[in-house]
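Here is a set of questions and answers for a reader who is meeting this structure for the first time.

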Amino acid sequence: MKRTVEIAGGGIAGLTTGLAFAQKGWRVRVHEQDNALRVLGAGIYIWENGLRVLDALGVLPRVIAGVIPASRHEERNHDGKAFASSRIGHDFRLYVPPHETLLMALHEALVATGGEIVFNSRAVAADPGGWLHFADGGSRHADLIVGADGISSPVRESLGLLEWRRPANQFGYRAMIRREPAELETEVGCTHCENWNGSRRLLFAPCTAELADVQLTSLVGDSSANAVPIDRDFWRTLFPDLAWIVDRIPDDGRGDWFEMIRLGCWSSGRVAIVGEAAGGQPPFLGQGGGCSMMSAFVLAHMIDREGDVLNGIAAWELQERPFTEWVQRIAYWYGQLAFLPRSARTAVLKAVNGSEWVKRQTLLAAACRDVTATRRNSPSLTSNTPIYPLIH
């Protein structure tokens, strides 16, 4: 008989997990509490690590069709002057497709492989024996239960796995904007760029010929910058050369206060926690989706390799948890640059961008990783529970 997996959450982590297991012959059922896929009106950063996972799952062409590959990343001051830059080569790729494109590709592939997604099905708890419990009072038993239900995961909470949850004291507003064809010919219009003015940041990322992803970030207590809908006059004053971007930002974007979480354990019996529910992190590295996809892919691989659910979960956590926690640390400290004086922040970013080795050990640590090379051992990192002092 086919082994079974019940998955709570129909986001990137849940659908990737479902597809990975379905392709290994498991009977898969994904439970999504909403009545449709939860599509965000934003882009999703997919670096080389995530692209390799999508390629191994057979959905990469669908995800990146029509998406403009990144060729250059820059750091600029509010006056438009670049103080750090780097090129992105063909052997180390970055794409920013619309979030909807990625979800639809994973969903369609999952259904085509025999998996099932159940909408309006809200999981509220699980127990280590392999039971998933729902808000309507029902329950389902499976060989494996996966909690992929977001940073506030009810599945995780029901098992008491959360060690701590801390605010990053920063806010982000994210949305997609329309592009004009002529902008593709300009340096600004085709470059991925972080634009800084004091502690405020405007991130611009080309997606397709028609769309670009924009994120505005600011510190806690910065009421003008934290406002939703955004204060366009305020942001135009901060970045006068980018008024053409600010003017196009819609009022229905997504605003979030960034957080970090740490679990005492990623699993309990036959229940495994993946995605933001296990490794939630601020989005400064663009690695939330990549880490989720890597974790989901490796979970299916490890259980299949070990031939036993419990042994596979143990091997998966031993490999993936230290690495994800390392990426969380880097994302946290990169975010803390916003609390530094401009001169100090510029010096740090110049130093990091000036060394390829430093970049690949820090900002690009996750992006450099290939979990699809199954014969290769993943790097082993010490998993100590760190202290995250805030600079402010």
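Angles between elements are taken between N-to-C directions, on lines fitted to C-alpha atoms, and they run from 0 to 180 degrees. The model discussed here is a predicted one.

Q: Which helix lies across β4, β5 and β13, and at what angle does it run to β5?
A: The helix that lies across these three strands, β4, β5 and β13, covers residues 342-353. Its direction is compared with that of β5, and the helix in question is α12, running at about 20° to β5.

Q: What is the strand order of the open sheet of 7 strands, and which strands are its edge strands?
A: The sheet is open, its pairing is mixed, and its order reads β5-β4-β13-β14-β15-β12-β16. An edge strand pairs on one side only, and this applies to β5 (82-87) and β16 (254-263). Neighbouring strands of this sheet are turned against each other by 20° on average, with direction ignored. The order is therefore β5-β4-β13-β14-β15-β12-β16, and the edge strands are β5 and β16.

Q: In which sense do β12 and β16 pair, and which residue of β16 is the bridge partner of phenylalanine 171?
A: Strand β12 spans residues 162-178, and its pairing with β16 extends over 9 bridges in the antiparallel sense. Phenylalanine 171 has its bridge partner in β16, and that partner is tryptophan 257.

Q: Which helix packs on this sheet and touches β16, and what angle does its direction make with that of β16?
A: Helix α11, made of residues 309-335, packs on the sheet and touches β4 (72-77), β12, β13 (192-197), β14 (200-206) and β16. Compared with the direction of β16, the direction of α11 makes an angle of about 135°.

Q: How much space lies in the largest pocket, and which element gives the largest share of its lining?
A: The space in the largest pocket comes to about 1,200 Å³. Of the 47 residues that line this pocket, the closest to its centre are Leu40, Gly150, Ile151, Arg254 and Glu276. The lining divides into 19 nonpolar, 19 polar and 9 charged residues. The largest share of it, 5 residues, comes from β16.

Q: What is the volume of the second largest pocket, and which element gives the most to its lining?
A: The second largest pocket has a volume of about 440 Å³, and of the 26 residues that line it, the closest to its centre are Trp47, His73, Leu285, Leu363 and Leu364. Elements that give two or more residues to this lining are β4, β5, β13, β14 and α13 (356-361). The element that gives the most, with 3 residues, is α13.

Q: Is alanine 135 buried, partly exposed or exposed?
A: Alanine 135 lies in the loop between β9 (131-134) and β10 (139-141), where it touches Arg122 and Val124, not counting residues up to four places away in sequence. Buried means under 20% relative accessible area and exposed means over 50%. Because its relative accessibility is 43%, alanine 135 counts as partly exposed.

Methods: Residues are numbered from 1 along each chain as its sequence is written. This is a predicted model: local features need pLDDT of at least 70, side-chain atom pairs count only at pLDDT 80 or more; totals for chains, interfaces and linings use all residues. Side-chain values use heavy atoms; hydrogens and water are left out. Two strands pair if DSSP finds at least two bridges between them. Helices (H or I, at least four residues) and strands (E, at least two) are DSSP runs, numbered from the N terminus. Contact means heavy atoms within 4.5 Å. On a 1 Å grid over the protein atoms alone, a cavity is a set of points where a 1.4 Å probe fits but cannot get out, and a pocket is an open set with protein on both sides within 12 Å along at least five of seven lines; lining residues have an atom within 4 Å of a point. Grid points are joined across faces, edges and corners, and a volume is the space filled by probe spheres set on the points. Ala, Val, Leu, Ile, Met, Phe, Trp, Tyr, Cys and Pro count as nonpolar, Asp, Glu, Lys and Arg as charged, and the others, Gly among them, as polar. Buried means under 20% relative accessible area, exposed over 50%, partly exposed in between (1.4 Å probe, protein chains only).
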